[in-house]
Every structure is written in C-alpha cells, then in structure tokens.
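I opened my notebook to see what I could look up in this structure. Come along and check each entry against the picture.

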Amino acid sequence: MAVEHSTGTSAPAPGDQTRIHNIGYRSYDGPRLGRAYARRSLYSQSLRGSYGLGRSVKSKVLPMLLFVVMCVPAAIMVAVAVATKANALPLDYTRYAIVMQAVISLYVASQAPQSVSRDLRFKTVPLYFSRPIETADYVRAKFAALASALFILTAGPLLVLYVGALLAKLDFADQTKGFAQGLVSVALLSLLFAGIGLVIASFTPRRGFGIAAVIAVMTITYGAVSTLQAIADAQGSSEAVPWIGLFSPITLIDGVQSAFLGATSAFPGGVGPSNAEGVVYVLLALGLIAASYGLLMRRYKKVGL
C-alpha cells in the first residue's frame with residue numbers, strides 16, 4: 001500500500017497566483033492621415049519595391065542590372081560621339097526604347113508580378129481594404145508605381161544621351177527637341193506596358209506564372225506582328241504594314257512616334273503610319289491603357305470581397 005508523504009510545504013492558495021495588469025489601453029488622439037496618405041504610402045513602397053529598395057540584396061540584383069543594361073549602350077554612344085566629334089548621335093532619342101524593347105519587356109515581366117502577385121498569394125488584398133484605402137486607391141497606386149518605375153528605366157538612358165550630346169557640343173535646340181520627343185514616347189510606353197503587365201499578373205498568385213505570361217504576351221505578339229509585316233512588305237502589300245502594327249504593344253508605340261514625333265519607323269521598308277493612321281494608333285494606345293485600368297478595377301473588386 002502506497003503511503004503519501006508530506007513535503008512540509010503547503011501549496012499556494014489560488015488567490016496568490018492572481019494578478020491584475022493595467023496595460024493602459026487608450027484611444028488614439030493623433031492625426032488621422034486618411035486615404036490620401038495611405039495611397040501615397042502604397043505608391044512609394046511599390047515604386048521602391050520595383051527596384052528592390054527596402055528589400056533583400058537578391059531582390060535588387062535584377063532590376064538594377066536591367067537599369068544598367070539600359071544605360072550602358074547610351075553611355076557608349078555618347079563616348080563615340082565625343083571621341084569622333086560627330087555631328088549627331090548614332091541613334092535618335094525616339095528609337096532608343098524600340099531598340100531596347102527586349103530589356104524593357106523583361107523588366108515588366110519581372111516587376112509586374114512582384115507588385116501584385118504576392119498580395120494575391122498571401123491574401124493580403126482584403127487587409128488593404130479594411131483600412132480607409134479603397135479599390136481605386138490600390139489600383140491607382142500600383143499602376144502609377146509601375147509606370148513610374150518604367151519611366152525611370154526608359155528615360156534614364158535618354159538623359160544620358162542628352163547630357164552627352166550637350167557635352168559633345170551638338171546643336172542645343174535639336175537635341176532638346178529630340179529629348180522632349182523621346183520623353184513623350186517613353187511616357188506613353190510606360191503607361192501602356194505597366195497596364196498590360198499588371199493585368200496579366202493580377203490573374204495569377206504565382207510569380208513564376210506571371211513572369212512567363214508577360215514575356216509570352218510581349219514577345220509572341222511582337223514576333224508575330226514583325227513576321228506578318230515582313231510578309232506583307234515582301235508581297236508588295238505595303239499599305240497593310242501599318243495596320244498590322246496595331247496588334248503589338250511595341251509596334252503600337254513605334255507607330256505613334258513615327259506618325260507624330262518625327263521618329264524613323266522600324267517597320268519593314270521604313271513605312272510608318274500616316275497622320276490619319278497615327279490617330280488610330282493613339283486612340284488604340286489610350287484605349288488599351290484605359291481598358292487595363294478598368295480590368296484591374298473589376299479584378300480587385302472581386303478579390304477584395
């Protein structure tokens with residue numbers, strides 16, 4: 001038979017273990033910054049994230065590398081122009097983005113999913129909307145951030161060309177006009193590419209799928225349109241070449257700037273759209289930007305429920 005032995009110490013009374021902590025909950029008496037502040041914060045954080053700022057070193061590598069790749073050819077052109085005392089730059093401002101379109105497409109493919117896919121994957125979008133921020137604020141901030149990041153990517157090399165041209169003592173008026181035309185072109189390109197990239201990326205929470213989808217849309221459409229334009233030009237149907245250019249984002253920008261910004265067209269045979277055809281190009285580009293915004297609004301109204 002087991003015998004219970006006393007240890008000589010009595011168990012503490014239940015009341016001795018009770019503590020009441022006054023942790024001082026108080027109402028917030030500070031300023032209420034509201035929707036505008038939340039929208040600006042989301043924009044700035046998304047823009048910083050497009051270049052990996054505030055994130056890990058690994059996240060900075062690709063966007064910074066692509067920015068350097070965009071600027072290096074411009075620096076080489078400037079060095080050649082200065083060394084040879086050329087009368088003009090080797091490449092027009094409006095042509096630079098068209099030549100470097102593969103790098104721009106890769107940047108969009110890498111950063112559009114980074115901007116929105118993680119929010120979808122980790123289901124944080126409803127948390128944004130639990131604050132004063134609304135669907136329109138979220139979409140505008142993300143759209144503006146990626147468009148701004150693309151503008152930095154595409155306008156940076158143009159600035160290098162412009163400064164180099166002035167150092168090479170090229171004509172100030174001509175260079176300023178060309179630089180302004182180039183800025184208008186890349187601004188439209190940035191809005192168009194940002195809209196397309198965000199719409200595609202918003203339909204998948206998987207970043208890898210988003211990257212592949214954006215690259216496919218950008219490259220397949222450009223390859224198909226370029227091939228059809230070459231076939232039409234070879235068969236003597238040069239009047240069809242400008243209309244085929246409506247079906248690819250990069251050729252759409254090419255058509256706008258060749259029609260209204262004095263750029264040399266990259267279309268086969270150098271046949272760009274006329275002014276009347278250029279109006280169609282402008283309307284389609286603006287329509288695609290507006291449609292991208294509308295699709296994003298519809299998409300995030302569903303996601304935020």
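First, a term I need: buried means under 20% relative accessible area, exposed means over 50%, and partly exposed is in between (1.4 Å probe, protein chains only). This is a predicted model, in which local features need pLDDT of at least 70, side-chain atom pairs count only at pLDDT 80 or more, and totals for chains, interfaces and linings use all residues. Residues are numbered from 1 along each chain as its sequence is written, and side-chain values use heavy atoms, with hydrogens and water left out.

**Entry: two lysines in loops**
I looked up Lys85 and found it in the loop between α2 and α3 (93-99); helices here are DSSP runs (H or I, at least four residues), numbered from the N terminus. Lys85 counts as exposed because its relative accessibility is 71%. Its phi is positive, about 55°, although Lys85 is not a glycine. Most residues other than glycine have a negative phi, so I made a note of that. Lys169 sits in the loop between α6 and α7, and has a positive phi of about 60° without being a glycine. With 75% relative accessibility, Lys169 counts as exposed.

I found Val57 in helix α2 (residues 57-84). Val57 counts as exposed, at 65% relative accessibility.

I then checked Tyr96: leaving aside neighbours within four places in sequence, its contacts (heavy atoms within 4.5 Å) include Met70, Pro73, Leu91 and Leu161.

**Entry: helix α11**
How far apart are the end C-alpha atoms of helix α11? They are 42 Å apart, which agrees with the 42 Å that its 29 residues (275-303) should span at 1.5 Å a residue; the expected span is 1.5 Å times one less than the number of residues. Among the buried residues of α11 are Tyr281, Ala285, Ile289 and Tyr300. What covers the buried residues includes α4 (101-121), α6 and α7 (172-201).
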